[in-house]
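Please read them alongside the sequence and the coordinates.

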Amino acid sequence: MMAAHAADPLVMLYDPRPPLLDVQDGKLVGEMGVRAQRALAASGLRYQLKPAPVQRQLSMIEHGTVPVCAVGRVHNEERARIGVFSSPFFVSRRYVALVRDGFRKEERAPRLLDWAAAPEARWGVKSGFHYSDYVRRQLRIARAHVLGFSRDNEDFVALLGAGRIDFVLMHEDEAELSLRGLPAPVTDVRIVQLADLAEGEMRYFYCNRHVPPATLQQINQAIARALKP
């Protein structure tokens, strides 16, 4: 099966998430996108960029019959059982909480587990979004009250302002952009740094098992060569 598709460009799936990742003029751009683009260019591989929501990406990696990779996915145990990861090529900014203004405002240096375990806390999540292993463990331990929505980041700000949820996790740059993008200053939503989420997350090319090991090796060598510290 690998040989049958050897002449085809490798499909590279991406989920547009400015300012982190997008495509302009056929190239990946954004804070993470430029590093992915440098690695792909250095690899010498023929590839085709194709937009797809995260859930669609994961489905194609698990069930697809041709070689395909997703750009910038986070490693977790469930995904590692299904597909294969490249070397890391980017460290995203840390998670922060966007919080309804009246929720636990007096707390200093809160932890995710404490908030998630609070009986009154309603944690908003984007449907189909996959967090890191650490965050997923906190969810299980806390038995958190999770509400899923098929919404954009800016919509979650509106849900917080309307009091329908109490907090949502976003990467720091996305949280800042979500607040800046609103037509008027937001006074009923705030950004809170969580003490146990001080580090960013490694990002990888996440590929299905139809991608030949030699191709993944090319990608890893390109990451090492083109993205030296």
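Predicted model: local features only at pLDDT ≥ 70, side-chain atom pairs only at ≥ 80, totals over all residues.

1. Helix 6 (residues 153-161) packs against helix 7 (residues 172-180) at an angle of about 70°, and their axes are 9 Å apart. The crossing of helix 6 over helix 7 is right-handed. On the helix 6 side the contact is made by Asn153, Glu154 and Val157, and on the helix 7 side by Glu174, Ser178 and Leu179. By residue class, the contact of helix 6 with helix 7 holds two nonpolar, two polar and two charged residues.

2. Which residues of helix 7 are buried? They are Glu172, Asp173, Glu174, Ala175 and Ser178. The elements covering these buried residues include strand 8 (95-100), helix 6, strand 11 (167-171) and strand 12 (189-192).

3. Glu174, a residue of helix 7, deserves a separate entry. Its relative accessibility is 6%; the cut-off for buried is under 20%, and Glu174 therefore counts as buried. What does the side chain of Glu174 join in a polar contact of 2.6 Å? The partner is the side chain of Arg17. Leaving aside residues up to four places away in sequence, Glu174 touches Arg17 and Asn153.

4. With a relative accessible area of 6%, Val189 is buried. Not counting residues up to four places away in sequence, Val189 touches Leu98, Val99, Asp101, Val157, Leu160, Gly161 and Leu179. The C-alpha atoms of Val189 and Asp101 are 5.0 Å apart, although 88 residues separate the two in sequence.

5. Helix 1 passes helix 8 in a right-handed crossing. Helix 1 contributes Arg38, Ala39, Ala42 and Ser43, which meet Gln218, Ala222, Ile223, Arg225 and Ala226 of helix 8. The residues in this contact divide into five nonpolar, two polar and two charged.

6. In helix 5 (residues 133-142), the buried residues are Asp133, Val135, Gln138 and Ala142. Their cover includes helix 3 (77-82), strand 8, helix 4 (112-117), strand 9 (123-126) and strand 11. After helix 5 comes Arg143, with a positive phi near 50°.

7. Most residues other than glycine have a negative phi, and most peptide bonds are trans. Asp25 has a positive phi near 55° and sits in the loop between strand 2 (22-24) and strand 3 (27-29). Asp25 counts as exposed, at 81% relative accessibility. Arg104, also not a glycine, has a positive phi of about 50°. Arg104 is in the loop between strand 8 and helix 4 and is partly exposed, with a relative accessible area of 24%.

8. Where is the cis peptide bond with omega of about 5°? It joins Pro18 and Pro19. Pro19 lies in the loop between strand 1 (10-14) and strand 2. Arg17, the polar contact partner of Glu174, was mentioned in point 3.

9. Is Asn208 buried or exposed? At 0% relative accessibility, Asn208 counts as buried. Asn208 is found in the loop between strand 13 (202-207) and helix 8. Apart from residues up to four places away in sequence, Asn208 touches Met60, Ile61, Gly64, Val66, Pro67, Val68 and Val84.

How values were computed
Residues numbered from 1 in each chain as written. Heavy atoms only, no water. Axes fitted to C-alpha atoms, helices over the stretch in contact; angles between N-to-C directions. Helix = DSSP H or I, 4+ residues; strand = E, 2+ residues; numbered from the N terminus. Left-handed = near helix turned anticlockwise from the far one by under 90°. Contact = heavy atoms within 4.5 Å. Nonpolar A, V, L, I, M, F, W, Y, C, P; charged D, E, K, R; others polar. Buried < 20%, exposed > 50% of the residue type's maximum accessible area, 1.4 Å probe, protein only. Polar contact = N/O pair within 3.5 Å; in protein donor to acceptor, adjacent residues only side chain to side chain.
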